[in-house]
Amino acid sequence: MSKSIYHVTPGGQLSGRLRVPGDKSISHRAVILGALAEGITEVDGLLEGADVLATIAAFQAMGVAMEGPQGGHLRIHGVGLQGLREPLAPLDCGNSGTAMRLLAGVLAGQSFASTLVGDASLQRRPMGRILTPLTAMGAQISAADGRAPLSIKGARLHGIRYAMPIASAQVKSAILLAGLYAEGESCVTEPAPTRDHSERMLAGFGYAVRRQGPQACLRGGGRLQGQALVVPADISSAAFFLVGASIAPGSDICLEGVGINPTRTGVIEILTRMGARIDLGNLREVGGEPVADIRVRSAPLQGIRIPRHLVPLAIDEFPAIFVAAACAAGETIIEGAAELRVKESDRIAVMAAGLKTLGVEVAEDPEGARIRGGSLGGGSIVSHGDHRVAMAFAMAGLAASQPIRIEDCANVATSFPDFPRLAQEAGLALQVLEA
Ligand SMILES: O=C(O)C1=C[C@@H](OP(=O)(O)O)[C@@H](O)[C@H](O)C1
Ligand SMILES: C=C(OP(=O)(O)O)C(=O)O
């Protein structure tokens with residue numbers, strides 16, 4: 001893959017109406033449940049990012065026919081829960097933690113063996129968190145040092161009651177997907193609310209999920225019925241524009257059809273507490289998920305202590321939130337966010353280093369950071385191949401006094417392939433250079 005570089009000329013403002021691409025979490029789940037359902041599933045608004053394409057390719061390699069994706073449309077010929085075929089080669093999850101952890105849940109219940117591989121970043125990420133519950137359900141999975149590649153020997157699974165030690169929607173989803181194949185009931189309890197797209201979509205495919213407070217349960221042996229579903233725009237992609245418009249004076253932008261599932265709106269709450277001017281309009285429901293048009297106008301931001309309960313509800317938005325904090329008056333304190341260290345990069349270390357390059361005072365903590373807002377200079381940022389780090393620093397250019405150069409941006413295509421074009425159209429002076 002070529003290593004693209006972003007060059008952002010300082011200044012400018014964001015304006016206009018735009019639609020960011022489909023939600024990545026919901027797109028993965030649509031592909032997975034569509035493949036395992038009986039009959040046809042038609043998906044519209046699908047994210048055609050590399051992460052979701054990896055999930056699509058994995059199911060195609062297991063004999064699921066699909067037409068598309070094209071223009072956000074994918075037609076899936078579901079094979080039913082028992083219809084997958086043994087793949088002839090390892091399944092490549094690329095850069096995607098969601099693909100690997102959710103696929104592991106599905107593969108744990110198959111009658112064949114399989115291997116999941118990923119890129120250098122994914123091979124560093126912890127997989128013990130899914131190995132423990134899936135093994136307890138009866139699967140045999142080997143992984144050196146709890147990391148990919150994962151060799152999975154599918155088995156007859158039995159239900160489990162599992163209290164997750166960390167708040168992770170990927171772990172919860174892996175258990176629920178394995179639970180489709182398990183004898184008896186599988187129940188997962190989460191220590192704090194995490195995104196609930198799996199539970200919602202399973203219900204949409206006609207599968208009974210019992211939800212009681214922090215617990216979600218299902219019984220194996222049911223059936224999924226193919227659906228037509230529409231994927232809302234991804235609030236995690238919208239977040240870069242929420243921050244960019246907030247920090248660039250004179251901005252006024254409307255993001256259309258964004259998913260505002262309450263398990264995902266932490267970024268709106270955090271930015272609003274910082275003083276951002278964010279208005280939700282045209283509230284409606286799309287594909288079992290609440291959706292709104294979001295208008296953002298620039299506003300002076302103040303530093304805050306981010307409440308811990310909002311961390312899992314904004315987990316992927318922290319790179320953008322670091323940039324908002326760097327532009328806010330006073331100090332922003334992030335706590336209880338150790339999970340940021342095991343994403344595509346160590347997002348605490350990488351954001352702290354990048355902000356320091358721009359002249360911002362940042363103190364790293366093991367589970368967070370303290371950021372003293374001030375003026376942003378320019379400089380050369382190392383993104384460590386992390387898509388969200390790259391996009392966050394691109395938006396920082398709106399408030400910087402000097403150009404910002406961001407290395408290694410090709411992975412933006414994992415979640416937001418159209419980011420450079422949409423950002424340019426909205427007013428960001430971004431150039432993409434090929435290394
Ligand atoms: O379930 C999902 O789709 C996701 C869950 C989150 O990960 P964790 O479950 O590791 O918190 C998030 O960071 C990731 O981008 C997508
Ligand atoms: C953490 C992320 O994704 P994943 O875990 O699927 O790699 C992300 O998109 O920010």
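In what follows, Ala, Val, Leu, Ile, Met, Phe, Trp, Tyr, Cys and Pro count as nonpolar, Asp, Glu, Lys and Arg as charged, and the others, Gly among them, as polar. This is a predicted model, in which local features need pLDDT of at least 70 and side-chain atom pairs count only at pLDDT 80 or more, while totals for chains, interfaces and linings use all residues. Residues are numbered from 1 along each chain as its sequence is written, and chains are lettered from A and ligands numbered from 1 in the order in which they are written.

**Surroundings of ligand 2**

- The shell around ligand 2 (residues whose C-beta atom, placed from the backbone, lies within 6 Å of the molecule) consists of Asp 51, Ser 96, Gly 97, Thr 98, Asp 316, Lys 343, Glu 344, Arg 388 and Ser 415.
- By class, this shell around ligand 2 holds five charged and four polar residues, and no nonpolar ones.
- Domain 1 (4–22 + 232–434) and domain 2 (24–230) each supply at least three residues to the shell around ligand 2; the domain bounds come from an automatic or database domain assignment.

**Surroundings of ligand 1**

- Around ligand 1 are Ser 25, Gly 97, Thr 98, Ser 168, Ala 169, Gln 170, Ser 173, Arg 195, Ile 315, Asp 316 and Glu 339.
- Two or more residues of that shell come from each of the elements α3 (97–107) and α6, where helices (H or I, at least four residues) and strands (E, at least two) are DSSP runs numbered from the N terminus.
- Helix α6 gives the largest share of the shell around ligand 1, namely three residues.
- Six polar, three charged and two nonpolar residues make up the shell around ligand 1.
- Ligand 1 lies between domain 1 and domain 2, because both give residues to its shell.

**Positions listed as binding site**

- An unreviewed UniProt entry lists Lys 24, Ser 25, Arg 29, Ser 168, Gln 170, Asp 316 and Lys 343 for "binding site"; UniProt positions are given in the numbering used here, feature names are shortened, and annotations may be inferred rather than shown by experiment.
- Arg 29 belongs to helix α1 (residues 24–36) and counts as buried because it has 26 C-beta neighbours inside 10 Å; a residue is buried with 20 or more other C-beta atoms within 10 Å of its own, exposed with 12 or fewer, and partly exposed in between, with C-beta atoms placed from the backbone.
- Not counting residues up to four places away in sequence, Arg 29 touches His 197, Ser 198 and Met 201, where contact requires C-beta atoms, placed from the backbone, to lie within 7 Å.
- Gln 170, in helix α6 (residues 169–179), is also buried, since 22 C-beta neighbours lie inside 10 Å.
- Beyond its neighbours within four places in sequence, Gln 170 is in contact with Gly 97, Thr 98, Arg 101 and Leu 102.

**Backbone geometry**

- Most residues other than glycine have a negative phi, and most peptide bonds are trans.
- Gly 68 and Pro 69 are joined by a cis peptide bond with omega of about 5°, and Pro 69 is placed in strand β4 (residues 65–70).
- The bond from Ala 148 to Pro 149 is also cis, with omega near 0°, and Pro 149 sits in the loop between β8 (140–142) and β9 (150–153).
- Asp 145, in the loop between β8 and β9, has a positive phi near 60° and counts as exposed because it has 8 C-beta neighbours inside 10 Å.
- Asn 282, in strand β18 (residues 277–286), has a positive phi of about 55° and is exposed, with 11 C-beta neighbours inside 10 Å.

Key:
Two residues are in contact if their C-beta atoms, placed from the backbone, lie within 7 Å.
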